[in-house]
Amino acid sequence: MKHLLKLTSALFGLLMLSTAHSKETHTVKGVGIQFKPDVVFADQGDIIEFRDMPTHFVDVVKIPDGADKMISKMGANYSYEIDKPGVYFYKCPPHWGARMGGLIIVGSGLNNEESLVDTLTEYKDTIEDTIGKGYLKKVIKKIKKGKIKIPE
Ligand SMILES: [Cu+2]
């Protein structure tokens, strides 16, 4: 009986281990007037940490419906938890003219070049902001050229 109990608790432990979502933290830094990396692939529950933001802040271009508002204070580090799948598009307002912005791509089915290009091309048409459209065009081009590493 004791052994059975031990075995059961060991199995239960294994089960918990394998189903627990391991949250990942992704760091994005303000480098000059760019975010680096400017394209991040993340999962729901992951945290995006914005660092080195002396003359920068983060504001939304477009994020998924129902996602928490994304806004930081000028010059401050910022941490944002991803709670919805989809494409998160943000900008640094003072440097938006220089296209200082970034994308966080969240969700399954976006981990191959073709589906990612399709998704972003469709997404681009929903963005009215001219700078935002230009930014996305550039990112799509980079993906097609294999210059952005897509995680498996
Ligand atoms: Cu900036």
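This is a predicted model: local features need pLDDT of at least 70, side-chain atom pairs count only at pLDDT 80 or more; totals for chains, interfaces and linings use all residues.
1. Overall make-up. The protein chain contains three helices and eight strands. Read from the N terminus, its elements follow the order α-β-β-β-β-β-β-β-β-α-α. Of its 152 residues, 24% count as buried. Among contacts with a separation of 6 or more, 50% are between residues 24 or more positions apart.

2. Pairing of β1 and β2. Strand β1 covers residues 25-31 and runs antiparallel to β2, to which three bridges join it. Val31 has Gln34 in β2 as its bridge partner.

3. Sheet with β3. Another open sheet of four strands has the order β3-β8-β7-β5, again with mixed pairing. Here β3 (39-42) and β5 (59-62) are the edge strands, and each pairs on one side only. From one strand to the next, the twist averages 30°.

4. Val39. This residue is found in strand β3. Leaving aside neighbours within four places in sequence, Val39 is in contact with Gly102, Leu103, Ile105, Val139 and Ile148. Strand β8 spans 101-106, and the contact partners Gly102, Leu103 and Ile105 can be looked for there. Val39 and Ile148 are 109 residues apart in sequence, while their C-alpha atoms are 7.9 Å apart in space.

5. Gly97. The loop between β7 and β8 (101-106) holds Gly97. Gly97 counts as exposed because it has 9 other C-beta atoms within 10 Å, and the cut-off for exposed is 12 or fewer. Ile131 is 34 residues away from Gly97 along the chain, and the separation of the two C-alpha atoms is 7.2 Å.

6. Geometry of the helix pair. Helix α2 (residues 113-124) and helix α3 (residues 130-144) pack with their axes 10 Å apart, at an angle of about 170°. The two helices are therefore roughly antiparallel to each other, as angles over 145 degrees count as such. The crossing of α2 with α3 is left-handed.

7. Contact of the helix pair. On the α2 side, the contact is made by Glu113, Leu116, Val117, Leu120, Thr121, Tyr123 and Lys124. On the α3 side, the residues are Lys133, Leu136, Lys137, Val139, Ile140, Ile143 and Lys144. By type, the residues of this contact divide into eight nonpolar, one polar and five charged. Val139 of α3 takes part in this contact and is also one of the residues in contact with Val39.

Definitions and conventions: Residues are numbered from 1 along each chain as its sequence is written. Two strands pair if DSSP finds at least two bridges between them. Axes are lines fitted to C-alpha atoms, for helices over the stretch in contact, and angles run from 0 to 180 degrees between N-to-C directions. Two residues are in contact if their C-beta atoms, placed from the backbone, lie within 7 Å. A residue is buried if 20 or more other C-beta atoms lie within 10 Å of its own, exposed if 12 or fewer, and partly exposed in between; C-beta atoms are placed from the backbone. Angles under 35 degrees count as roughly parallel, over 145 as roughly antiparallel, 65 to 115 as roughly perpendicular and the rest as oblique. A crossing is left-handed if the near helix is turned anticlockwise from the far one by less than a right angle, and right-handed if clockwise. Ala, Val, Leu, Ile, Met, Phe, Trp, Tyr, Cys and Pro count as nonpolar, Asp, Glu, Lys and Arg as charged, and the others, Gly among them, as polar.
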